[in-house]
Amino acid sequence: MTSKKAYAVVFSFNVCFFIIHIFLLYLPLFTNKLYHCFLLFFFCVVLGYSTNAIAYEGRHLNEDVIENLANDPTWLKLLHFKHNRSEILTEDFFLSPEGRYDSKAELVATINAYSESRSHKKDITPRCKFPARYFWLSQKMPLPHYKLHDPQCESFENWSLLNNVKSISLFLVSGYFGNPASVFGHSFLKLNTYSRDDQNGLFDLSINYGALVPENEPTLQYVVRGITGGYQAGFSDKYFYTHDLVYSRTEFRDIWEYELLLSDYQRTLLILHMWEVLGKKFKYYFLDENCAFRLAELLEIIIEEPFLDKVKSWYIPVETFFRLEEIDKHRKEKGKQGLIKSVRFHPSGQREFYYQFSQLTKKEKEAVKTIINDGASTSTTASFSEDSQLRIIDTVLSYYKYRLIAEEPSPAVEMREKKDKILLTRLRLPPQKKSLFYGIPQLKSPASGNRPMLMGIGMGQDSIENTYLKLHWSPFSQEFVGQNHLEGDELVVLDTTIGVRESDYSFFVDNFDLVRIRKLKTNFISIDDGNPWSWQLRLGTALTEHNEKSYNDGAFSFGAGRAWDLNKSISFYAMTDAAAHTIKPYARLRPNTGLIIDNNSTKSWWYAGFENMEDREKFNLVWGGQIQYKVSEQIAVSISFSRETTTKTSAEVKWYW
Amino acid sequence: MVTKGINFSAICLVLSLMIAPSAMAREFADIYTDCGLGAMIAPHNSVVAAVTNVTWDLGTTAISSNISSPDSCHGGQAKSAAFIHDSYESLEKDIARGHGEYLDTLMTLTNVSKESQEKAVNNLRNNFASSVANQDYTNQTKFQKSENLYNLLYSQPSDYSLEKNI
């Protein structure tokens, strides 16, 4: 507590006590000065009595002002306070030694540090390190000589390009089955400059949040430490093109960009705060305090409506986007300006390549196949028009690019040679100013479908329990029959159905799926010699009938096969599932086929197959189906029927939230 | 007076020697070494790529942005070099077709004016075709290919307004 820092008590209790004492002792001698003495007393008590009042630039801030500012929600958010402590672990994020646990101490230290000598401390003064704090404070109290653009803060100015950022976008990256941590997707922020020199925004700054995972971390350790808080994490900045290269062009993930409608104040405060937290360490929890959670925290600093008030034990990226859509809708309903300026779809590299191939004529497709198989490009395309030649060669080039990425890190030399040959062929043909392939269909955002959490209530009937009340819950349910962006795929986690017997109101587990995934490659094209297989996986238990008794039959099943889009609304698949069961027969096979029909509001799934469910060698017919009607964004009604070991029928109302 | 003149000349000579290197195109290899190119995105290693969401290393982030990389890595040439190295595969495809957002960005990075862009792209395509026609091209490392493209760009005729310094 030095005088230079001005973290000094202006009128300490002792000084006040002394003045009061003098006042009372010599009161009779000063009766004619009573008025002035009273004023002195009042000044002393009201302004100086508190030991926490601080001197600041010749003014005095009393306890109430400090207290109010220290408990201001925005201040607490700027410090990342939760449960009376900051979640930031990095020491130098705090100016006060008690700053991590005491928002008031940090506020006082921040105010006092404002006037810290800055003539010879370029970039490292508190004003340069914590620009958001001072920007916010400048709206709450007079900060003498405050300037948003401080010439001392050169690094920050270079980094933020504050005057050039026109808007901020939030990106939602689709799930990636190549890694368990990415299955539920990813999100990050981008500062849009719309620079004349960089119209595609590839050099716009992107802010990403992720855990610091050591290289070559064993998978199991990675999962366990990720869930239990075993890693530190932080915000990092990258040029946008690095994200584009990884997500879109290497992992082939679709991306949706939500450009936000923010005021100048909101945009500025967010950019300033990003600078403050860049590189600061947090504890990482994969299930809740993950990338999506931290980005939502950033948004909560500038957006009035809460994002995280209803967070459960987990938080996935798409939830932030559902909330954006919700806030936007509510604002517009009230006649206010919305929150979303636009939603833009960035197709993955694979989607672009598939679309490119689909746009070719039959003859052109044949030529592409011939070149890929035989390698002779010039003779194959000689009979085609120049436009057709370009379309064919461009597609072959895209094919090799796609295949080489898929074969990383060690693509075959032969493949690279073929690519270089076609590259040279293309270079010798005339350049095009625009793409020969345009109009790729926009895929609707995952946030325009069902919310991920499911709760259902309905009636069920089967040959064991007769009629029963059915309670259904799943924290993440993207079903075949739901409204989602998965294009026929399914991803359901912890899918739980509890039955309540009518007779004695007792409970039983009707069905429990720890995880259920179905990945249908319906858009697979003939020239893609990568993995064409569709597959499904289920780990769970279901109530079943065995020797006229009911059992919960645990099962792990995995199946593979092929799938096709018959038209825009019907997909068909054929698979063979192999399963291990906990009741006899323990090992089962199920060749089966299915149809998924999508009529917008109504979606249905029908399947039929054979399974050795009663005897190891005898295969019985199994079949069933489910039809679901979307009543509103959050509510759907569903009817299902299945005839397997047990015959089951059910109807339920589902609520997605 | 004479002494003052000699001193002044000496200062000018020293200053000119200090300034001279920055007025020339920087070598790709120097930028590669100084600025640690290649650390900017997850490598094409399946294990690392698979955990991209959670493996951003704060230690390497500074290189890619305006934040705290060495001053020598801020300029247009360093930026171009990093961009070429990181997005070589995308650039290769764009150059072959004669258009694309990565090629557009490269052109603006190297200060090719809009009016000259068509000419510059055609010139680049011709020179790049000669490189690809080289029998060694397939076996070249990514570094070699990037360096070659970088040199092609920075040896373009001056009427394309390509920057020569920074």
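1. Helices (H or I, at least four residues) and strands (E, at least two) are DSSP runs, numbered from the N terminus. On that basis chain B has 9 helices and 0 strands. Its elements run α-α-α-α-α-α-α-α-α from the N terminus on.

2. A word on the source. This is a predicted model, in which local features need pLDDT of at least 70, side-chain atom pairs count only at pLDDT 80 or more, and totals for chains, interfaces and linings use all residues. Residues are numbered from 1 along each chain as its sequence is written, while chains are lettered from A and ligands numbered from 1 in the order in which they are written.

3. Chain B in totals. Of its 166 residues, 39% are buried (20 or more other C-beta atoms within 10 Å of the residue's own; exposed means 12 or fewer, partly exposed in between; C-beta atoms are placed from the backbone). Take the contacts in chain B with a separation of 6 or more: residues 24 or more positions apart account for 69% of them. A contact means that two C-beta atoms, placed from the backbone, lie within 7 Å.

4. One helix pair in chain B. Helix H5 (residues 76-86) packs on helix H9 (residues 142-153) at an angle of about 135°, with the axes 9 Å apart. Axes are lines fitted to C-alpha atoms, for helices over the stretch in contact, and angles run from 0 to 180 degrees between N-to-C directions. H5(B) and H9(B) are therefore oblique to each other (under 35 degrees is roughly parallel, over 145 roughly antiparallel, 65 to 115 roughly perpendicular, the rest oblique).

5. Who touches whom? H5(B) contributes B:Ser80, B:Ala81, B:Ile84 and B:His85, and H9(B) contributes B:Lys142, B:Ser146, B:Leu149, B:Tyr150 and B:Leu153. By class, that is 5 nonpolar, 3 polar and 1 charged residues. Nonpolar covers Ala, Val, Leu, Ile, Met, Phe, Trp, Tyr, Cys and Pro; charged covers Asp, Glu, Lys and Arg; the others, Gly among them, are polar.

6. Chain A has an open sheet of 7 strands, in the order E10-E8-E7-E6-E5-E9-E11, with antiparallel pairing. Strands pair if DSSP finds at least two bridges between them. The edges are E10 (281-284) and E11 (340-346), each pairing on one side only. Neighbouring strands are turned by 30° against each other on average, direction ignored. Within the sheet, 5 bridges join E5 (residues 167-173) to E9 (residues 255-260). A:Leu172 has A:Trp256 as its bridge partner. Helix H12 (residues 291-302) of chain A lies across E5, E6, E7 and E10, at about 40° to E6(A).

7. Further along chain A come two hairpins. E17 (residues 534-546) and E18 (residues 549-565) pair antiparallel over 13 bridges, one of them between A:Thr541 and A:Gly554. The turn has 2 residues, and A:Asn547 there has a positive phi of about 50°. E18(A) then meets E19 (residues 570-581) over 11 antiparallel bridges, through a hairpin of 4 residues. A:Asp565 is bridged to A:Ser571.

8. Backbone points to check. Most residues other than glycine have a negative phi, and most peptide bonds are trans. A:Leu161 has phi near 45°. This residue sits in the loop between H8 and E5 of chain A and is partly exposed, with 15 other C-beta atoms within 10 Å. A:Tyr505 has phi near 55°. Its loop lies between E15 and E16 of chain A, and A:Tyr505 is exposed, with 8 other C-beta atoms within 10 Å. A cis peptide bond joins A:Lys584 and A:Pro585, with omega about -15°.
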